[in-house]
Amino acid sequence: MADVIGRMGTFKMDDPMVMEVSKRTSYGHQYSEHGDGVMSPRRSERLLSLLIDLVIVVNSLQLGWCSNPGNFEDVCYVSEHIFICIYLVELIVKLALLRSRYFRNGWNRVDFCLVLVAIIDTWVLEPIA
């Protein structure tokens, strides 16, 4: 096996510790080996990110359409709750995976505040009014 030269010196690629560390992502999941049919974490992270991006675009269209819903007020009401649930699940999953590292990213802090405001507005203040 070839040697790898890094900041800490030279490592043997057949060293079990080097092999284990090289298989891990930032979330601590292991990469799948080739051919086992399991998606690698980095690829699943990209797909999840694309899915959330798609949800954001659809939610933006929904917000524009629901600014003047006409006869579709019930659809707008239900879809608003569905989007909040999707964003809440995303937040919970990211918190579970990243734990305290979640709040180190500025965009995660923005997402957290937006989800919190949406929950307070839709699930707390709206029923009171």
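A residue is called buried when its relative accessible area is under 20%, exposed when it is over 50%, and partly exposed in between, using a 1.4 Å probe and protein chains only. Phe103, at 36% relative accessibility, therefore counts as partly exposed, and we will come back to Phe103 below.

The model you see is predicted, so local features need a pLDDT of at least 70 and side-chain atom pairs count only at pLDDT 80 or more, while totals for chains, interfaces and linings use all residues. Residues are numbered from 1 along each chain as its sequence is written, and side-chain values use heavy atoms, with hydrogens and water left out.

Let us begin with the overall layout. The protein has 4 helices and 2 strands; these are DSSP runs numbered from the N terminus, with helices (H or I) of at least four residues and strands (E) of at least two. Of the 129 residues, 19% are buried. The protein exposes about 9900 Å², and 65% of that is supplied by carbon and sulfur atoms; such accessible areas come from the Shrake-Rupley method with a 1.4 Å probe, and for residues only the protein chains shown count as cover.

Now look inside. A nonpolar core is a set of buried Ala, Val, Leu, Ile, Met, Phe, Trp, Tyr and Cys residues joined through side-chain atoms within 4.5 Å. The largest one here has 9 residues: Val55, Phe83, Ile84, Tyr87, Leu91, Leu98, Tyr102, Val115 and Ile119. H3 and H4 are the elements that give two or more residues to this core, and H3 brings the largest share, 5 residues.

Where does Ile84 make its contacts, leaving aside neighbours within four places in sequence? Ile84 touches Ala118, Ile119, Thr122 and Trp123, a contact being heavy atoms within 4.5 Å. His81 is found in helix H3, which spans residues 73-98. Is His81 buried or exposed? His81 is buried, because its relative accessible area is 17%. Tyr77 also lies in helix H3, but Tyr77 is partly exposed, with a relative accessible area of 44%.

Next come the aromatic rings. A pair of rings is described by the distance of the centres and the angle of the planes. Rings of Phe, Tyr and Trp (its six-membered ring) pair if their centres lie within 6.5 Å; planes under 30 degrees apart count as stacked, over 60 as edge-to-face and the rest as tilted. By this rule there are 3 aromatic pairs. One of them joins Trp65 and Phe72, a tilted pair with 5.4 Å centre to centre and 40° between the planes. Trp65 is partly exposed at 42% relative accessibility, and Phe72 is partly exposed at 43%. Phe103 and Phe112 form an edge-to-face pair, with 5.3 Å centre to centre and 75° between the planes. Phe112 is partly exposed, with a relative accessible area of 28%. Tyr102, Phe103 and Phe112 form one aromatic cluster, and Tyr102 is also part of the largest nonpolar core.

Finally, turn to helix H4, residues 106-128, where Leu116 lies. Leu116 counts as partly exposed because its relative accessibility is 42%.
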